[in-house]
Amino acid sequence: MAELRWHPLIKDWVMIASHRQNRPQMPGNWCPFCPGSGKVPEHYEVFAYENDFPSLMQNPPEPDDVSTDFFKVKPAYGKCEVILYSSNHNATLADLTPGHVEKLADLWCERFDAISRDEKIKYVFIFENRGEMVGVTMPHPHGQIYGYSVIPKKLELELESAREYHSGSGRCIFCDMLKEETAFKKRIIFENEHFTVFLPFFTEYPYGVYIISKRHASVITDFLPAERQALAETIRNTSGMLDSLFGFRFPYMMCMHNAPVNSGNVDPYFHFHIEFFPPMRSADKQKFNASSETGAWAHCNPTCPEEKAEELRQAFNLSRRPL
């Protein structure tokens, strides 16, 4: 079963993908993403791989006959790809050379552009789930790209806030947020010529850092070569910083927020950024999304962002020391 079902209470589509229940945990002595598996090239640096258990498909099956005038369903149209970061099964982003991560950024842009050409796709979402704590079944270094036939609810809310702010002020809400954070300084963790990494004033997660471009650009493919190189460096350094925080591979969800595609021009008010959602609140405690966060979307951060930003700055400095 693979279909979309309408949630009338929150005006959003839910992916129903029961076939994904059969996706395997990685066997102890074999990995489909490693050379020699027969699934990937014998030699590669980065590679786009068709998801074996996609939630969305460009040739989706007909939905089950369960719809009514009240309950709506539609085909699970879309695209699901796996982006392999390296042929090295044990590599982390921080282990890869800057040049290698640049090739990864080039592949993200290539696949973003290719998926966007399908006019039925309305949102292209680049993301990484890292660590068993966030449900990863394949530990080989990888991320994913989903192409949705609808704009997901969170992105819809971001777009509406950005549109409303721009309509009232003539300015970009993200650019103004960056100005405010830069002026305050205490939540800035590190920056380079083209990107800033900070812990937002309103962060829902103790270590929920953002990466934002200094130049107003709405999608990853808008970046000039120097900016793309800086983006690769920034993501690599952010991942290394989180690993240095407690001395182990830090679990996280990394989510790239690009403007929608095939949905009209939102460039004046939408601004590319990356949000991290790490599920740790200390070295040995997990930050759970319990009833308030899940049932009411009323988030509670049990830590002080300014204090956590200082922790992250120290971790960044540690990660930059020569081994």
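Q: Which strands does α4 lie across, and at about what angle does α4 run to β9?

A: Helices (H or I, at least four residues) and strands (E, at least two) are DSSP runs, numbered from the N terminus. Axes are lines fitted to C-alpha atoms, for helices over the stretch in contact, and angles run from 0 to 180 degrees between N-to-C directions; contact means heavy atoms within 4.5 Å. Here α4 lies across β6, β8, β9 (195-198), β10 (210-213), β11 and β12 (273-277), at about 20 degrees to β9. Helix α1 (residues 98-116) lies across β3, β5, β6 (123-130), β7 (142-148) and β11 (252-257), and runs at about 170 degrees to β5.

Q: What kind of model is this, and how are residues numbered?

A: The model is predicted: local features need pLDDT of at least 70, side-chain atom pairs count only at pLDDT 80 or more, and totals for chains, interfaces and linings use all residues. Residues are numbered from 1 along each chain as its sequence is written, and side-chain values use heavy atoms, with hydrogens and water left out.

Q: What is the strand order of the open sheet, and which strands are at its edges?

A: Two strands pair if DSSP finds at least two bridges between them. The open sheet has 9 strands in the order β3-β5-β7-β6-β11-β12-β10-β9-β8, with antiparallel pairing. Its edge strands, β3 (47-50) and β8 (188-191), each pair on one side only. From one strand to the next the twist averages 20 degrees.

Q: How many bridges join β5 to β7, and how many pair β3 with β5?

A: Strand β5 (residues 78-84) pairs with β3 in the antiparallel sense over 4 bridges. In that pairing Glu50 has Glu81 as its bridge partner, and Tyr49 has Val82. On the β7 side, 7 bridges join the two antiparallel strands, with Lys79 opposite Gly147.

Q: Why is β5 described as largely enclosed?

A: Buried means under 20% relative accessible area, exposed over 50%, partly exposed in between (1.4 Å probe, protein chains only). Because 7 of the 7 residues of β5 are buried, the strand is largely enclosed by the rest of the structure. Gly78, Cys80, Val82 and Leu84 point one way, while Lys79, Glu81 and Ile83 point the other way. In the protein chain, buried residues make up 50% of the 323 residues.

Q: How many disulfides does the structure hold?

A: A disulfide is a covalent bond between the sulfur atoms of two cysteines. The test applied is a pair of cysteine sulfur atoms within 2.5 Å, and the structure holds 0 disulfides. For Cys80, the closest cysteine sulfur, in Cys255, is 15 Å away, too far for a bond. Cys80 is also buried, at 3% relative accessibility. Cys175 is in no disulfide either; the nearest cysteine sulfur, that of Cys172, is 3.7 Å away.

Q: Is Asp243 buried or exposed, and which side chain does a polar contact join to that of Asp243?

A: A polar contact is a pair of N or O atoms within 3.5 Å; within protein, one must be able to donate a hydrogen and the other to accept it, and residues adjacent in sequence count only if both atoms are side-chain atoms. Asp243 lies in helix α4 (residues 225-246) and counts as buried at 14% relative accessibility. Its side chain makes a polar contact of 2.7 Å with that of Arg130. Leaving aside neighbours within four places in sequence, Asp243 is in contact with Thr92, Arg130, Phe248, Arg249 and Phe250.
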